[in-house]
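Subject: Structure handover

Hello,

The structure is passed on to you below. My notes on what was found follow it.

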Amino acid sequence: MRRKLSDIIISAAFANTIPREEKMNKCRENWKNFHRQDRYIVVNTDGILIDGYIQYLVLKENNVEDAQIKVSNKRKKC
């Protein structure tokens, strides 16, 4: 399933988190080399991000608006 990044709701718990630079760089490198996601962005049925924040950030950095996502029936993680 595809969804616009602007439609994904980022909780305060994620927004206030600074991901480790190593993880960000690994995801950035994959994007730079292949121009594709190397992991899913997972949202719950309410459209709230529950996993894949680093991928989300890397796509935002690269002005990508359309992302491959998975929808989970689980509630918000954070």
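Rings of Phe, Tyr and Trp (its six-membered ring) are taken as a pair if their centres lie within 6.5 Å; the pair is stacked with planes under 30 degrees apart, edge-to-face over 60, and tilted for the rest. On that basis F14, Y53 and Y56 make up one aromatic cluster. Please note that this is a predicted model, in which local features need pLDDT of at least 70 and side-chain atom pairs count only at pLDDT 80 or more, while totals for chains, interfaces and linings use all residues. Residues are numbered from 1 along each chain as its sequence is written, and side-chain values use heavy atoms, with hydrogens and water left out.

Aromatic pairs

The search of the whole structure gave two aromatic pairs. One is tilted: F14 and Y53, 5.2 Å centre to centre with 35° between the planes. This pair links distant parts of the chain, with F14 in helix α1 (residues 12-15) and Y53 in helix α3 (residues 53-61), 39 residues apart. Helices here are DSSP runs of H or I with at least four residues, strands are runs of E with at least two, and both are numbered from the N terminus. Y53 also forms a stacked pair with Y56, at 6.2 Å centre to centre and 15° between the planes. Those two residues, Y53 and Y56, are both in helix α3, three residues apart, or about one turn of the helix. F14 and Y53 are buried, and Y56 is buried too. Buried means under 20% relative accessible area, exposed over 50%, and partly exposed in between (1.4 Å probe, protein chains only).

Q55

Helix α3 also holds Q55, which counts as buried because its relative accessibility is 1%. Setting aside neighbours within four places in sequence, Q55 is in contact (heavy atoms within 4.5 Å) with C27, Q37, D38, R39 and I41.

The sheet

Four strands make an open sheet of mixed pairing, in the order β1-β4-β2-β3. Two strands pair if DSSP finds at least two bridges between them. β1 (2-4) and β3 (49-51) are at the edges with a single partner strand each, so one side of each has no neighbour in the sheet. Strand β2 (residues 41-44) runs parallel to strand β4 (residues 66-72), and four bridges join them. V42 has K70 as its bridge partner in β4.

Regards
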